[in-house]
Amino acid sequence: MISDKLVELLKQELTGQNFPREAKILEAQADDLLQALVDTGAWIAGGAVTSVFTGKEINDLDLYFPSPEAAAKFTAWCWSKEYGYCDFFFASEKCLSFKHRGGAGSIFQIIYYKYFETAEDIFNDFDFTVNM
């Protein structure tokens with residue numbers, strides 16, 4: 001799960017000079033988004049993590065959840081009156097995608113084909129080399 005310390009480190013890293021696009025994304029939705037991720041116990045995995053470490057642009061956030069209830073809570077947050085600036089983007093047998101209406105246009109992919117209690121569970125289930 002995302003700890004407060006990790007959230008602070010992510011803010012510091014992404015708002016630096018090396019990631020201007022990601023800094024704009026973070027500024028546009030950081031506090032609300034990060035709180036929603038913490039509240040639902042979400043994991044960020046896939047290409048976004050690779051992009052941060054290789055200095056490439058982040059295309060989307062693949063969000064994995066520990067339970068169907070957590071995924072539903074985040075989905076409701078995307079459409080909530082308080083947040084409410086995400087549009088439904090597309091659905092597949094594995095995920096729901098929402099696009100942020102703001103200038104950054106970030107895409108959140110809510111993975112729901114399976115749920116994961118730990119990051120290790122995600123890595124054991126998925127071949128991330130496909131994205132490399």
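Predicted model: local features only at pLDDT ≥ 70, side-chain atom pairs only at ≥ 80, totals over all residues.
Residues are numbered from 1 along each chain as its sequence is written, and side-chain values use heavy atoms, with hydrogens and water left out.

**Phe88 and Phe98.** Back to the pairs: Phe88 and Phe98 have ring centres 5.9 Å apart and planes at 80 degrees, so I put them down as edge-to-face. Phe88 is in strand 3 (residues 86-91) and Phe98 in strand 4 (residues 95-100), so the pair ties together parts 10 residues apart in sequence. Strands here are DSSP runs of E, at least two residues, and helices runs of H or I, at least four, numbered from the N terminus. Buried is under 20%, exposed over 50%, partly exposed in between (1.4 Å probe, protein chains only).

**Tyr113 and Phe116.** Their ring centres are 6.3 Å apart with planes at 70 degrees, so this pair is edge-to-face. Tyr113 comes out partly exposed at 30%, and Phe116 buried at 2%. I also found the charged end of Lys94 over the ring of Tyr113, 5.0 Å from its centre; the test is NZ of Lys or CZ of Arg within 6 Å of the centre and within 35 degrees of the ring normal.

**Cluster.** I noted that ring pairs link Phe65, Phe74, Trp77 and Phe108.

**Asp62.** I found Asp62 in strand 2 (residues 61-64). Asp62 is buried without a salt bridge, and the nearest side chain of opposite charge, Lys94, is 11 Å away. A salt bridge needs a side-chain nitrogen of Lys or Arg within 4 Å of a carboxyl oxygen of Asp or Glu. Lys and Arg count as positive, Asp and Glu as negative; His and chain ends are not counted.

**Thr40.** I placed Thr40 in helix 2 (residues 20-40), and Thr40 is buried at 6%. Not counting residues up to four places away in sequence, Thr40 touches Phe65, Pro66, Ala70, Lys73 and Phe74, contact being heavy atoms within 4.5 Å.

Definitions and conventions
Phe/Tyr/Trp six-rings, centres within 6.5 Å; stacked < 30°, edge-to-face > 60°.
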